[in-house]
Amino acid sequence: MTTFKENPGAPHWQGFSVDAVLHRGHTGMQDVLVFENSTFGRVLALDGMIQLTARDNHIYHEMLAHVPLMLHGSAKRVLIVGGGDGGILREVLKHSVDEVRLVEIDPEVIALSRRFFPEMSGGAFDDPRANIVIDDAVSYIANCREAFDVLIIDSTDPIGPGTQLFSAEFYQSCRERLSSSGVLAAQSGCAPYQTEQLDAVVSRLREAFGAATAFVAPVPSYPGGMLPLMLAARSPSLLRLSKARCVSAFSRCVTACDITRHRFTRRCSRSPMRCSASSYPWLTFGGAFPNVVRARRCRTGCVRPRRRGPHIGRFARPRGRRPGWPHRTAAPPE
């Protein structure tokens, strides 16, 4: 068993055990390595840097795709820079968009991803709304005259072909391709160890767009486990998600299960959060503090927590204990 070391010349690096090498080569633009790891499954590395794994790629793809689309609220045309693995394309196509254009400079990345990571795209490359363009994104965006609602930069780190995708000139070209209410999202290296790069990207985005902010995605396979992602728009108000839009987007979950009040309604058996009353007819919440919260069965068989005491928390003031509580584990007699 060998070890893959990411960025071995730096003061801090991380390693992955290589159980089996599935592919090793050069695409003409960058070195590529696909290997198996017992923890993360199949792993893709470009130019010695981990790009994605089968185990945790969904975190990165969902955060980079859904956050800007939720902020916009009604995006119809989306432009993706990079993203040859198809993960971002898959997530964007879950929304009611009319067209998604993906610009990838290296066609071998798409071919290798479809070969070794077919579940990553999930058939997104064959969707009629997807338009795949093999071209240099810098020149393509500079010469393009179309407007898009959301622009997502799913690039590699600022080495090799991805260096120009972090420049101020490129961000200015991206601004010109966005509509007046458009939102840009991009990845920006490693938060704990590349603070100077992170500050530089935020400054360039704010100078080009007018408003920019950062958020993080917990991706275990990346150095430090926290990946910084960037958002940019022409106004700070475009980077704030209103409560009304959030409730509208998640209306099915909100109506099915009122999680904000810590209780299940009678409709919870039809919600994505399945009721566990059939397996655990008498659930207790609160552990060593049975007077804090306890559960009971509603008429439909779903578990409904019921609050007791003036406070909900670790140090709730106890109020008398019912006989046999909390030792009773079976359901009370009907």
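How many bridges join β4 to strand β5 (residues 41-46), and in which sense do the two strands run? There are 6 bridges, and β4 and β5 run antiparallel, where strands count as paired if DSSP finds at least two bridges between them. Helices (H or I, at least four residues) and strands (E, at least two) are DSSP runs numbered from the N terminus.

Before going further, note that this is a predicted model, in which local features need pLDDT of at least 70 and side-chain atom pairs count only at pLDDT 80 or more, while totals for chains, interfaces and linings use all residues. Residues are numbered from 1 along each chain as its sequence is written, and side-chain values use heavy atoms, with hydrogens and water left out.

**The whole chain**

Display the protein chain, which has 9 helices and 16 strands. Of its 334 residues, 45% count as buried, buried meaning under 20% relative accessible area, exposed over 50%, and partly exposed in between (1.4 Å probe, protein chains only).

Strand β3 (residues 20-26) is joined to β4 by 6 bridges in an antiparallel arrangement, with His-26 opposite Asp-31. The hairpin formed by β3 and β4 has 4 residues between the strands, and Gly-28 in its turn has a positive phi of about 100 degrees. Moving on to β5, you will find a hairpin that joins β4 to β5 through 3 residues, and Val-34 standing opposite Leu-44.

**Ile-50**

Next, pick Ile-50 in strand β6 (residues 49-53), a buried residue with a relative accessible area of 4%. Apart from neighbours within four places in sequence, its contacts (heavy atoms within 4.5 Å) include Phe-35, Val-43 and Leu-44, as well as Ser-221 and Tyr-222. Ser-221 lies 171 residues away from Ile-50 along the chain, yet their C-alpha atoms are separated by 7.7 Å.

**The seven-stranded sheet**

Now colour the open sheet of 7 strands, which follow the order β9-β8-β7-β10-β11-β13-β12 with mixed pairing. At its edges are β9 (130-134) and β12, each of which pairs on one side only. Within the sheet, strand β10 (residues 148-154) and β11 pair in the parallel sense over 5 bridges, and Leu-151 stands opposite Leu-184 in β11. Helix α7 packs on the sheet, touching β11, β12 and β13, and its direction makes about 15 degrees with that of β13; axes are lines fitted to C-alpha atoms, for helices over the stretch in contact, and angles run from 0 to 180 degrees between N-to-C directions.

**Helix α7**

Finally, select residues 195-209, the 15 residues of α7, which reach 21 Å from first to last C-alpha, close to the 21 Å expected at 1.5 Å a residue, the expected span being 1.5 Å times one less than the number of residues. Which residues of α7 are buried? They are Gln-197, Leu-198, Val-201, Val-202, Leu-205, Ala-208 and Phe-209. These residues cover an arc of only 140 degrees around the axis, which puts them on the same side of α7; the arc is that of the directions from the helix axis to the C-beta atoms. On the other side of α7, Glu-196, Asp-199 and Glu-207 are exposed. The buried residues of α7 pack against α6 (168-177), β11 (178-187), β12 (211-218) and β13 (226-233). End the selection at Gly-210, which follows α7 and has a positive phi, near 115 degrees.
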